[in-house]
Every structure is written in structure tokens, then in C-alpha cells.
Amino acid sequence: MNSLVPLPVLLPILGAGASLALLHHPRIQRWLSLAVLGSVVAVAAVLLVQADRHGPQTVWIGSWPETLGIVLVADRLAALMLLVSAIVTLAVLAYSVGQGMTEDEEGAPISVYHPTFLVLVAGVANAFLAGDLFNLFVSFEMLLFASYVLLTLGGTAARVRAGTIYVLVNLLSSTLFLISLAVTYAATGTLTLAHLAQRLAELPDHVSLMIQLLLLTTFAIKAAVFPLSLWLPDSYPTAPAPVTAVFAGLLTKVGVYAILRMQTLLFPDSPLTDLLLWAALLTMIIGILGAIAQSDIKRMLSFTLVSHIGYLILGIALDSRTGTAGTTFYVVHHITIQTALFLVLGLVERRAGSTALMRIGGLARIAPVLAVLFFVPAMNLAGIPPFSGFIGKVGLFQAAQLDGSPLAWTLVGAGAATSLLTLYAVAKTWAVAFWRTPREAHEALEAIGGAAADPVPGHDTGAVQQHRGHVHTAAGTVSRNDIEEARRLGDDDEPDRDFHTLIEAGEDTRHSPLGMLLPAGALVAASVLLSVVAGPLYALGDRAAEDLHERTPYLSSVLTEEHP
Amino acid sequence: MSVNLTLVLVAASLLGCGVYLVLERSLSRVLVGIVMIGNGVSLSFMVAGGPAGRAPIVSKGGDTTGLTDPLPQAMVLTAIVITLATTAFVLAMAYRSWQLNGHDDVQDDIEDDTIRRLALRDVTSEAYDATTSDYPGDDSSGDPGQGPDDDPLAADAAGIEGRTT
């Protein structure tokens, strides 16, 4: 019993309510959100220390009898994830306060941003702490709903288009989750994880395998594991920079965390190593090949995000203490690095007017601070020693080598290749966006024909007919002017201006506000710091992995009595 | 555990129809599909809860035999509330999409299309290099007006990805 455990969920939820009530006082709203997230960081740090020293901290909400109520558990893994996510969200919130969330958000309901962001944080925290499958479902819904709102913030055409796909995919995965919950409950009569861990072992193999596969599919959609990853690069890049940053950093990792928890706690006897290794292999390779093909930095990074999920799955698939420790370390590294990169990209977009590789150039000379801020995490992502990306990859490769099966060795090769290809992708970005001059970029774009780089505005479908200034759809007739008007208002990105023309016209934004630079810089510094504290952190990850594979610390702290 | 076959059949047909509708392009049809799937899943929770029984209200020291399992019902309630909120959100999104585009169809990925066309352009320019010496005037190598011409920069720019690495 530890009354601190519910605080990481409660504080943001209460904060969200308060900041909704403070809609008309944006200044207080900002300080409130920062204070809330700051205290979540403190609580998470205390929880991590307690969980590390005294074993898992648990609370049965409302003091219901065991297995009837909802339990929150903070063991080493959960507390570590909680701490990292709290730090990252605090940095992102500070960044978005610095950005003002107003400049590229004309007409957007800014005041909604803070409450929604806090709900997202509460959802993420709840997902890490949930000791109950249904509670996990509810926390997924919390964070998804907040993410729907954040992704479609402002309701521009591009965001509605991307949001449609994101919302529908996640709706389907939620439905699948509900179906697996119904199946699990019908088979076992409980949804408490610790209780399930005992009862699932008594089920016939084929039933528990089906439950496992259902849950695995659900979480694999959230985590963007290869065949189920295609929604991610399509939907993330259109959101505002801080939103993309927090999505890329956290949301997929929640899925990975769920897979890790489920594989170690619920199904320790059925590791499905081959299946997961194949998934990891395909996720890595196909993700990184996608990244190489991209012509926009945000999309390139979204593809590397998918690709590096493969490393995490590799560690889980090996079903060994070293593998799990490697995954734990890599998750921490990847959350920090991916968020930092997207925050820096937000600054790049602000400075250069775009993140499309064809339109920008010369940033290394024009904005050296940004160049450094981009270069360090980019090299870290590619796994250049001595950065934490290298340490994490070495840990995972060691675990695969200990496993020793041919497929595991293949994964080592594929992991190394993916790492090299990541280096290729970020080096290409570096060369194009930071080294060549804006004039070169402009001339190249001119030569290629500006049309090539322009997005196609809305595909015409058979259902739509245009006639005399009106557009006829199945739903009725709309004036063409109205549509043009809406499209003009909704188009937040002027496609025919590149960095060079912006500079020539003197319309480029010269100064990056300190409020944005500092949080981004702090995260980059934190990612470098990860390699400094890699020893203790890796040891912590190893202890967390030991707990996960032993299972007894978790089970005995949640269930203190015998349950049939 | 005995299972109510009617509930299972209804849930299955709701799910089946829902999946069919979700595969449509129009967002409003997809929405109807989602609602049907949601109802089907809620029904399957009723199946999971076991046979129906007395209302699960227990006084102190009262008899608990023959009660319906209340837990799945609590879960279904939560799921229904979530489905309601989702429905409202997707409706708003469909309306916004209709405002912006005049239809509410789920659209293709624009960037993917751009990259595909860039790739085609790449291939075209290589073909152009290979064929110009043999077949001058052959215009099958690109779109008129946009294809690479005598300007060496054009071919260079088309191969921009290779050049800069």
C-alpha cells in the first residue's frame, strides 16, 4: 500500500479539469500545467526509488477486496517508464508554451491544448500503472481520445485527412482489445493481471494461445509492429511539432510496454519467439527502407520510429533476462531521442518554413545551434558510439547472440544493417538540409518542376462532380467558392515557397524563441546524459528484467492472499 | 458454461455487417459500421458474463447464488460510453471533412503519391540519359513540359537523392 501510486494519474486529471475551468486565463493555465507535470516528475522519481528499494508498490483503489477492484502497480519497469515519460512530457509542454501554440495555429482553440495534453499524460501514466486489463483498455482510450483531439487540432484539411486514418485504425484496435477482453473474461472470469497470470496457466493451450494472439495483435497495432504499422507514418507528421514529438516518443512505447508486460507476466511459457523475431525483422527492414525513400524529414523520422520498434520487439522476443534488459534500456533511449528529434524539427520548420527536403538547405551555416541540436540526436539514433543508441543496440545484439539460434543471428545482422541504413537516412537529411545552400535547393526545386513537390489537393472520386461553380456530392450541392475558401483557410503550408524565396523576401523567422530552444536543448542534453549514466541505468533495467522474469515480486505484492 | 446461442448469432451478424461497412470509403458509412461493431462487441460481453440470473443487488448477509455476474455489465457500460464519445468525434470529423472537401471519403496518402511520382521521375531521367543518344526526339521519356530537357540541372536535380549522399 502506497498512496503515492495513483498520483501520476490523479494529478494530470485534476489539472485537466482545473485548466478547463481556467479557459480564459491562459497564463495561469500554462503555469498550472507546468506545475502539474513537474510534480508528476517528482512523484515518479520517488516511486522509482521506492520500487527499486522495496519492491513493487501497489494500491487497490477504493480498498475493494483483492481481485474485485482495480489495482495500480508500480514495479521497477512501470516506475522507470513513468519517470521517463513524465520528463519527456514536461519538456514537450515547456516547448509548446514557448511556441505559444498560436503562431501556426490560427483560429485553433488553443485553450483546449493544455487540458487535452494533461489527459494524454494521465492516460499514459495509467497505462504504465494498470494492474488490470480493463483498466489498461480505459487508459488506452484516455490517451487515444486526447491524441485524436491533438492530432486534428485546428481542423485543417491535412490534419482531418491524417486524423481520419489514425482515428479509424485506433478504433478498430480498441474494438479488437474489447473482443479479447470478452474472450479472456469468458475463459478465466477475471481481468486482474496477477490473477490472470495464475488462471491462464490452467487453461488448455489452444485457448490461452488464442487469447495471447488477440492481445498481441491489439498491442502490435498500438506499437506499430510491421504489418500493422502502416497507419503511423501517414498520420503523425501532419500534427503540430510538439504533438508529433510526444506521440512519437510515447504512444508507440505504451504499446511496446503492454506487449512486454503481457509476454512476461501472463504468458511466460509461450514466448512465441519465432513469430516475434520475424515481426521484429520485418519491422526493422521495411521501416528503414521506407525512411530512405522519404523526401520530408518528419516522415523520414516517422519511418525510423517504426523501424526502431523492431529493436524493442527483438529484445522481447528473445524471452531472456538480457533481452528484456536491453529492451528496457532501448525504450528509455528511444523515447528521449525520438521526442528530442521531433522537437528540433519543429524549430527547423519554424526557421526554414518547411521540413520538405526539397525546399530547405544551408541550415548548418544559417542556424548553427539548430544544426548541432539536430546532429547529436540524429547520430544517437543511428547508433554511433559513444551515444546511448550504440549501447542499447550492443545490449540487444548480445542478448540475441546468447540466444544463438540462426534466426537470432539473422536479427543481429538485420539490426546492424538497419543501424547503417538509419545512418544513411539521417546523413542524407544532413547533407541536403544542412549543407547545401538554400540557393542550390531553390535551383534544384525549380529544375525538377515545382509541381513535383506540391501535394495533390484532394483526390477526385467518382462520387463528386463539378459543375458551374458547384460541387455535387452524394450528400448535396456545395458552392465551389465555399470549398475554395475553406481550402484556403485550411492550407497551413504554402507549397510554392521554399527557404530561398523566404530569405530573398526577408520573410523568414530569424530567431528561435528561447522558450522552444531550451526544452529541445534540455532533451538533447538528456539524451547525451543517457550515455553517461548508462551503467547504472542498464543495471536498473537488468533488475527490472529480473523481476519481470521471476514474476513473484509482482504477483506476491499484488495478491497477498490465496485466490482460487 | 452454457452459451446463449441467440446472443452469439446476433453479435456475430452485427460484427460481420460492421466489418463490411468499415471497408467502405465514405466516413459516414464507416461510422455506422463502427457503431454496429461496437454493439456486437457489447453483446459478446453479455455472452462472456455467463447465463442470466437475478439482479446483482445483495443486502448484507444475503444470498448470492443465482446472481448475474455484474462485472461484464460494468465493462459494457464503460465501452458504451466510449463508443458514444467516439461516434460524436467521428461525426464531427466527417462533417469537417465534408466542409473542406465537399465529401467525407477517406483519402489516400498524398505524400506517398508524391514520392511515387518522384521515383517515376527518377526512372524517367535515367531512361532519358540512356535513350537520347540513340533516339533523339523520342518524347516518351517524360511528361511534356515537365520532363527533363537540355538543362543538365534537371537530370541532376531529379537524381537529387543519389547526388547528395
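Predicted model: local features only at pLDDT ≥ 70, side-chain atom pairs only at ≥ 80, totals over all residues.

Reply:
**Starting with one leucine**

B:Leu5 counts as exposed because its relative accessibility is 58%; the cut-offs are under 20% for buried, over 50% for exposed and partly exposed in between, with a 1.4 Å probe and protein chains only. Residues are numbered from 1 along each chain as its sequence is written, and chains are lettered from A and ligands numbered from 1 in the order in which they are written.

B:Leu5 sits in helix α1 (residues 5–22) of chain B; helices (H or I, at least four residues) and strands (E, at least two) are DSSP runs numbered from the N terminus.

What else does chain B contain? It has 6 helices and 0 strands, and 35% of its 165 residues are buried. Chain B exposes about 9,500 Å², with carbon and sulfur atoms supplying 62% of that; such areas come from the Shrake-Rupley method with a 1.4 Å probe, and for residues only the protein chains shown count as cover. Take the chain B contacts (heavy atoms within 4.5 Å) with a separation of 6 or more: 46% of them involve residues 24 or more positions apart.

Now for the inside. In soluble globular proteins, nonpolar side chains tend to be buried together. The largest nonpolar core here has 208 residues, and A:Phe247 and A:Leu266 touch the most other members. Helix α10 (residues 241–266) of chain A gives the most to this core, with 17 residues. A core like this is a set of buried Ala, Val, Leu, Ile, Met, Phe, Trp, Tyr and Cys residues joined through side-chain atoms within 4.5 Å. Skipping residues up to four places away in sequence, A:Leu266 touches A:Leu193, A:Leu196, A:Ala197, A:Leu200, A:Leu215 and A:Arg261.

A:Arg261 and A:Asp75 meet in a salt bridge at 2.8 Å, N to O. This pair links distant parts of the chain, with A:Arg261 in helix α10 of chain A and A:Asp75 in the loop between β2 and α3 of chain A, 186 residues apart. Both A:Arg261 and A:Asp75 are buried. The rule for a salt bridge is a side-chain nitrogen of Lys or Arg within 4 Å of a carboxyl oxygen of Asp or Glu, and over all chains the count comes to 9.

Another one joins A:Asp52 to A:Arg76, whose closest N and O atoms are 2.6 Å apart. A:Asp52 lies in helix α2 (residues 26–54) and A:Arg76 in helix α3 (residues 76–99), both of chain A, so the pair ties together parts that are 24 residues apart in sequence. Is each partner buried or exposed? A:Asp52 is partly exposed, at 22%, whereas A:Arg76 counts as buried because its relative accessibility is 13%.

Then there is A:Arg161 with A:Asp234, meeting at 3.2 Å, N to O. They sit 73 residues apart, A:Arg161 in helix α6 (residues 157–188) and A:Asp234 in helix α9 (residues 231–235) of chain A. A:Arg161 is buried at 7% relative accessibility, and A:Asp234 is buried too, at 8%. Salt bridges that share partners also join A:Asp52, A:Arg76, A:Arg543 and A:Asp547 into one network.

Last stop: two strands of chain A. β1 (residues 57–60) and β2 (residues 71–74) run antiparallel, joined by 4 bridges; strands pair if DSSP finds at least two bridges between them. A:Trp60 stands opposite A:Val71 in β2. In a regular strand the side chains alternate between the two faces of the sheet. From β1, A:Gln57 and A:Val59 point one way and A:Thr58 and A:Trp60 the other, and all are buried. β2 is covered on both faces as well, with A:Val71 and A:Val73 buried on one side and A:Leu72 and A:Ala74 buried on the other.

Definitions and conventions. Heavy atoms only, no water.
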